Each structure stands twice: as C-alpha cells, then as structure tokens.
Amino acid sequence: IVSHTTDNVAPFHPADTVRMPTATIARVLRDMGAPKTIDFMSVDIEGAETGAFTGFPFDEYRIKVLTIERPKRELRMQLAAAGFRIVRRLGDNLDVLFAHDSLPGLDDTIRRWSNGCGQYCD
C-alpha cells in the first residue's frame with residue numbers, strides 16, 4: 001500500500017505500483033463468513049492498520065487477542081475505547097500484543113508478562 005499515511009510513501013516509479021481495491025477488516029470478515037468470536041488476529045499491513053480498522057464493529061465481532069505492527073496512536077486509542085489493553089511488545093518491539101479486558105485473569109497476565117509499552121504508551 002503506497003500512501004502518505006502508510007509506511008510505503010511515494011515516490012515509487014509508476015511501473016512498480018499496481019492499483020488494487022482495498023477493504024476494511026470488517027468487510028473482509030463479513031465477506032469471508034468469519035466467526036463472530038475470533039481468538040487471535042494478527043494485523044501487519046504496512047502502516048494501513050488504522051484505516052483498515054476504521055469503523056470496526058467491535059459489537060459484532062469479538063476479538064480476544066490481537067497483534068498489530070507499530071500501531072499508531074489513533075488506532076491504540078480506538079482499541080482502548082473498545083476495551084483492549086496493551087499486554088506487551090513482541091520480538092523486535094514493532095509488534096504490540098493487545099488483549100480484550102473481558103479475558104479472565106488479564107490483570108494478572110499483564111502484571112506477570114508485561115515488558116512495558118515503550119513508545120506505544122499514551
């Protein structure tokens with residue numbers, strides 16, 4: 001995805017790019033007949049995560065655990081409003097693990113497993 005709002009910004013040579021339709025995560029889930037409860041979702045779409053989650057119906061789909069590469073502040077705020085909490089940074093500290101606060105024992109898990117939220121703290 002090439003855009004001024006993603007990790008891949010212009011200028012790219014026009015011959016190196018192909019126009020493709022995009023869709024929100026909610027649309028993909030609906031079109032594919034995904035279950036309403038999703039245990040784990042990993043999202044890495046080169047900085048387009050915020051746009052892909054725009055208007056996500058958290059009341060329709062229940063995601064328990066989610067990893068997102070370099071989540072921007074706007075997306076972190078949207079996830080927090082939907083009941084997600086940062087559990088820890090993963091691997092090279094680019095991926096962030098979120099869990100929904102309805103999960104039993106989440107406070108204890110965060111207390112035992114958290115390595116801080118680094119640059120993802122608000």
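View 1. Threonine 67 is buried, its relative accessible area being 6%, where buried stands for under 20% relative accessible area, exposed for over 50% and partly exposed for what lies in between (1.4 Å probe, protein chains only). The model is a predicted one, in which local features need pLDDT of at least 70 and side-chain atom pairs count only at pLDDT 80 or more, while totals for chains, interfaces and linings use all residues. Residues are numbered from 1 along each chain as its sequence is written, and side-chain values use heavy atoms, with hydrogens and water left out. Threonine 67 belongs to strand S2 (residues 62-69); helices (H or I, at least four residues) and strands (E, at least two) are DSSP runs numbered from the N terminus. The side chains of threonine 67 and serine 42 are joined by a polar contact of 3.0 Å, a term for a pair of N or O atoms within 3.5 Å of which, within protein, one must be able to donate a hydrogen and the other to accept it, residues adjacent in sequence counting only if both atoms are side-chain atoms.

View 2. Strand S1 (residues 37-43) runs parallel to S2 and is joined to S2 by six bridges, two strands being paired if DSSP finds at least two bridges between them. Phenylalanine 40 stands opposite valine 65 of S2. Between S2 and strand S4 (residues 95-100), which run antiparallel, there are five bridges, and leucine 66 has phenylalanine 98 in S4 as its bridge partner.

**View 3. The largest nonpolar core.** This core has 18 residues, and Ile25, Met41, Phe53, Phe56, Ile63, Leu66 and Ile68 are those with the most contacts inside it; a nonpolar core is a set of buried Ala, Val, Leu, Ile, Met, Phe, Trp, Tyr and Cys residues joined through side-chain atoms within 4.5 Å. Two or more residues of this core come from each of helix H1 (25-32), S1, S2, H3 and S4. Apart from it lies another core, of six residues, including Leu97, Ala99, Leu103 and Ile110.

**View 4. Arginine 88 and tryptophan 113.** Arginine 88 lies over the face of tryptophan 113, 4.4 Å from the ring centre, a charge being placed over a ring if NZ of Lys or CZ of Arg is within 6 Å of the ring centre and within 35 degrees of the ring normal.
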